[in-house]
Amino acid sequence: MSETVQAEKATLPSEEAVLYPPPAHVLERARVKSYEELYKESIENPEAYWEAEARELEWFKPWERVLDWQAPFARWFVGAECNITHNCLDRHVKTWRKNKLGLIWESESGETRTYSYFSMHREVCRFANVLKSLGVHKGDRVTIYMPRIPEQVFAILACARIGAIHSVVFGGFSVEALFDRIQDAESRVLITADGGFMNGKMVPLKSMVDQVAGRSPCLESVLVVRRTGEPVAMEAGRDYWYHDLAELPISQRPCPAESLDSEHPLFILYTSGTTGRPKGIVHVHGGYMVQVYTTLKNVFDLDDEDRYWCTADAGWVTGHSYIVYGPLLMGATMFMYEGAPTFPYPDRWWRLVARYGITVLYSTPTAIRGLMRFGEAWPDRHDLSSLRLLGSVGEPINPEAWRWYHRVIGKERCPIMDTWWQTETGGFMISPTPCVPLKPGTATRPLFGIEVDVVDDRGQSVEPGQDGLLVIKKPWPGMLRTLYKNPELYKEVYWSRFEGRYYSAGDSARKDKDGYIWVVGRVDDVIKVSGYRLGTAEVESALVSHPAVAEAACIGKPHPVKGNSIKAFVVFVAGFTPDDNTSEELREHVGKELGKIARPDEIDFVSGLPKTRSGKIMRRLLKAQELGLPIGDTSTLED
């Protein structure tokens, strides 16, 4: 067993947790009444299960076979043609849902907008035609760097509609992070806004884009949505106002969804890894569509009366799957908020739940812990009786936060759907459904059609209560197809550990006696801060880019609000003497290079770093020393 797994064992919540059975009113309306029966059937014949799910959606051309598995490469619904936006929009516009609210939006300032499925269809077609007028064709990559506004959703769907591949970059990322992602994807078009709002302040997105556009040789056009109304620089021949192009007659034409092969790429989403460069995760139209539709349907039991709010940003995979695509595939009404949960007061979210009658709230342990700090009085001011299900995503939720969320927000009548999945998996993998008894701190058991296990270093199943490595044993429709431009790295990162037999999730975990899976933490050098994955190599590279820094190493430390904080160990160049301002200067430097989320909370100045004889930094030794954990094997330590 790896030392990292052993070292993190102490952080696991007690598996002897009290069971929370599903309330009668939840069980009565649940789609799935018995987990065990359906799960057994889905694992015995997974292709039949996924095929039945796929038939609930519309396809331009049927598949010839469900799965072609040439490990580790999969093709699902082979020979079929589809377009995910047809199922998100056109399928509903043909029915009574044409006039149903698809999107409700509010900003920090109280500005509101609403869109029916008919009006969303119109807006997406208009946006798609604007992209076509800029020369965007099927297979082109388009980078999207926007605030949390309706046009962010329309831009994503517009790319997919014409077969372009979108690469969404979180609006909180820095100029350098944006530049790297544009260059890797070789995007010809960038969609942004003049700015956005967060915590009562304007975020100057267009000025940040200007710092990138002038040195990106692949970038030809920048499409700018007017959001703030503040004056911004517009370079003739490169920059275009979206509202100007959207009013042209060519943009008003119909724009049918492009018929695409089921395996046509839908998006690239960059996720941090241990190699120092973000990895471009590639997802495709057909299998991803089926997975997201099926998992949202089963986990949150959405129906036409629901008002669903996922509090994430579309720049992360949670936003892709469960803000943009999932709810629209279900024909649901989704709510979207541009702003912070505590602006101007810590009851902003609870006020929105009450105002709009939100029935399903899907958020993060970080946000929940952050709002816990303000006590129960703030949520108690509002009528939260519309809520029937709660959700959690991003990292394992600690039992204390789970119980507060359940008691204070859910009033002990709203089960919490704690979901484990990854950017790479496309959709939920381990999660309860409303019929499953819950234990605080565990995502319970794998979903239908998903076969997972906890194994030792040889790939053998471990006994209940024993730590091991979390693996996925069979292909699933929403799985990443490759890493963009790097299929060999895809094989190495996800499939090499067990010689192609299993997908290695990179997490350590434990099964309890009831088969519930407790995720312990990462076994590689990726730190989850506020639910966001940050590679230690990226943060270290940012530190070393400072002229005073010779070497750096980063570790994650448990944090009561963010889940993990970043601690950095820095070796300075010879002759440099730090002063009282050096730590803050380095933090700000990292923020400029990668974004504020990546700034270390602590920085220690050291004379050297522990390394192996081959020169690799032994971060686990730093973490063990910092947390007072066993150091383990040091036979490879250089000094």
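**Note on salt bridges in the predicted model**

1. At a relative accessibility of 44%, Asp-380 counts as partly exposed (buried is under 20% relative accessible area, exposed over 50%, partly exposed in between; 1.4 Å probe, protein chains only). Lys-411, with a relative accessible area of 34%, is likewise partly exposed.

2. This is a predicted model, in which local features need pLDDT of at least 70 and side-chain atom pairs count only at pLDDT 80 or more, whereas totals for chains, interfaces and linings use all residues. Residues are numbered from 1 along each chain as its sequence is written, and side-chain values use heavy atoms, with hydrogens and water left out.

3. Asp-380 and Lys-411 form a salt bridge, their closest N and O atoms being 3.1 Å apart (a side-chain nitrogen of Lys or Arg within 4 Å of a carboxyl oxygen of Asp or Glu). This pair links distant parts of the chain, 31 residues apart: Asp-380 belongs to helix α15 (residues 377-380), and Lys-411 to the loop between α16 (399-409) and β20 (416-418). Helices (H or I, at least four residues) and strands (E, at least two) are DSSP runs, numbered from the N terminus.

4. Glu-53 forms a salt bridge with Lys-297, with 2.7 Å between the closest N and O atoms. Because Glu-53 lies in helix α4 (residues 46-54) and Lys-297 in helix α11 (residues 285-300), the pair ties together parts that are 244 residues apart in sequence. Both Glu-53 and Lys-297 are buried.

5. A salt bridge also joins the side chains of Glu-602 and Lys-557 (2.9 Å, N to O). Glu-602 is in strand β30 (residues 602-605) and Lys-557 in strand β28 (residues 549-559), 45 residues apart. Glu-602 is partly exposed at 30% relative accessible area, whereas Lys-557 is buried at 15%.

6. The count of salt bridges comes to 56. Lys-206, Asp-210, Glu-235, Arg-238 and Asp-239 are linked in a network of them.
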